[in-house]
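Have the structure open as you read.

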Amino acid sequence: MAITLFHNGQVFLGEQEGEADRSRPDRSRPGHARPDREPAFAEALVVDAGTILFVGTATEASTAAEERAAETGTAVTEVDLEGRLVLPGFVDGHAHILGTGEALARVPLTDAGDLDEIRSRLVAAREADPQAPRILGRGWLFDAVPGNAPTAAMIDEVIPDIPVYLDANDYHSCWVNSAALAEMGIDRETPDPVGGEIERDANGDATGMLYETAAGEFAWNHLDEVSDEASEDDALERVFTAYLEAGVTTAVDMGLGEVDLAAFARARERHGGELPMNVIAHWRVNNTGDRSRNLAQVDRAIDLARAGMPSGLRVAGIKCIIDGTIDACTATMSEPFTNGRNADPIWPLADLEPVVVAADAADLQIALHAIGDEAIDIAIRALESAVRVNGEKPRRHRIEHLEYAAPGTAERLAALGITASMQPVHTDAAIRDNWTELVGPERARRGFAWPEYEDAGALLAFSTDTPTAPHEALPNLYIATTRKSALDPSLAANEPELAVGLTAAILHATRDAAIASGEGERRGALRPGFAADLTVLDADPFVLGLDSLREGTVRMTMVAGQVVHRH
């Protein structure tokens, strides 16, 4: 592998020494964001055999490259960065990789503002492929549907003859038509699964909405059954390409199952024994209501983690979904939503504790989806139980999302060394209206409160949760630093005082996400000895401002010293 000398660039090294301890601003003034950490840069870096050899001044880098070339008898390839910004490859710390590849081929509905537009897009999809056995869509918003109450009849009016499956933007519910209900065999006698609901009308008939585990066990499992390996392979190739074009070099698959595992195995074979990017996976553990069956799922994760995986994929731990989402009123809150609704947890503490204790005893990393403050409390208490039962030892568990957390939550996470895994793109102003209305103005003021975790000293890792949101890294940073919308920048920011600085946002999306994923000693930073995973931007937001994050593109992406995308 050749030695590559990158020079004449702005190589991002993180923050200047000591800057992280600067005094905090008075955030009681609306719109007054904290000052950013002072960034540190180098002029050049040298890559050798997939690893970063040197980072520093142009003169020093040139000398290091020449010395290494003389030792190995290898030529030096020089790349003039023309002043561009070089960042570590982005680490998407929470994603659903196969699902994203599938979603990229489905009818997009996030920006469909009303029912008429949703139906118009479905009809257009049917006309474009009249032989399709079913229509699949994704990303619709509850407030685009009359009364926030989708029904099968609404779809039946335009497409009555073939099944239609529409995943909500939060991917915690699925809206289907009557043909899909019939295809899945759902009728009046079909029971609700543990932690889910088949919504029914006053007569007991299914309305067409499947919430939480009902969406998974009926709609998504059925679609897996009727899918074939070729379509799954196409989906993985589609998402690999999309990620690398976005500068993402590592992703954490938060919900690996047998179908995903087999698809990744085939992808390794297609790519000569290595995946085109780094994948860390958490095995999905579903609450069956039966302790022995729940623990059997943990045993499967233990076997996968201990077996060791071929290059490019590592099973790190388990993932449990404690509650749903705020937009669907399935999140578990300490106080009801403004419409009076609330939801019981999918994983009550009594069910969750044995699973968490067993996984922790086996040194698996535990990731717990918790969006509402009551669910977050359940997650913390379960992880406290693991420490109490298994004793003190190195561990880096995680709580995913933390959209509305009670005051003091950040301090509890910091004390236990729990990572706050959060997704800026989930508070995009273009999709926040329904969320804000349901929690009310007082709770909304503390929604997605990233600075609280920074101030408490908890590790804060950014990710996208794709396909529930766009997979691109740069718009995610734009929302993190502005609290505005990457979809519609004309909208006012949500709680701008909760934005983070650009240096901090980049660190949360690279270094901190790598640490949270167990990759902090080899990825997430541009340091000697680290894997040469990097991305080059066409526009430097430190110079051109934050809008360039929304408008800019990735000029080049490198994984382990190999250029895998060039714009």
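Where does L402 lie? You'll find L402 in the loop between β19 (398–401) and α12 (409–416). Helices here are DSSP runs of H or I with at least four residues, strands are runs of E with at least two, and both are numbered from the N terminus.

Before going on, a word on the ground rules: this is a predicted model, where local features need pLDDT of at least 70 and side-chain atom pairs count only at pLDDT 80 or more, while totals for chains, interfaces and linings use all residues. Residues are numbered from 1 along each chain as its sequence is written, and side-chain values use heavy atoms, with hydrogens and water left out.

L402 isn't a glycine, yet its phi is positive, at about 50 degrees. E212 has a positive phi too, about 55 degrees, and is not a glycine either. E212 sits in strand β14 (residues 206–212).

P467 belongs to the loop between β21 (460–462) and α15 (473–482).

**The sheet**

Four strands make an open sheet in the order β5-β4-β1-β6, with mixed pairing; two strands pair if DSSP finds at least two bridges between them. At the edges are β5 (51–56) and β6 (76–80), each pairing on one side only. From one strand to the next, the twist averages 20 degrees. Strand β4 (residues 44–48) runs antiparallel to β5, and the two pair over five bridges. V47, for instance, has I52 in β5 as its bridge partner.

**Two helices crossing**

Helix α7 (residues 229–245) and helix α8 (residues 258–270) have axes that come within 10 Å and cross at roughly 70 degrees. That makes α7 roughly perpendicular to α8 (65 to 115 degrees; under 35 is roughly parallel, over 145 roughly antiparallel, the rest oblique). Axes are lines fitted to C-alpha atoms, for helices over the stretch in contact, and angles run from 0 to 180 degrees between N-to-C directions.

Which residues meet there? From α7 come E229, E232, D233, L236, E237 and F240, and from α8 come V259, A263, F264, R266, A267 and R270, with contact meaning heavy atoms within 4.5 Å. The residues of this contact divide into six nonpolar, no polar and six charged. Nonpolar covers Ala, Val, Leu, Ile, Met, Phe, Trp, Tyr, Cys and Pro; charged covers Asp, Glu, Lys and Arg; the others, Gly among them, are polar.
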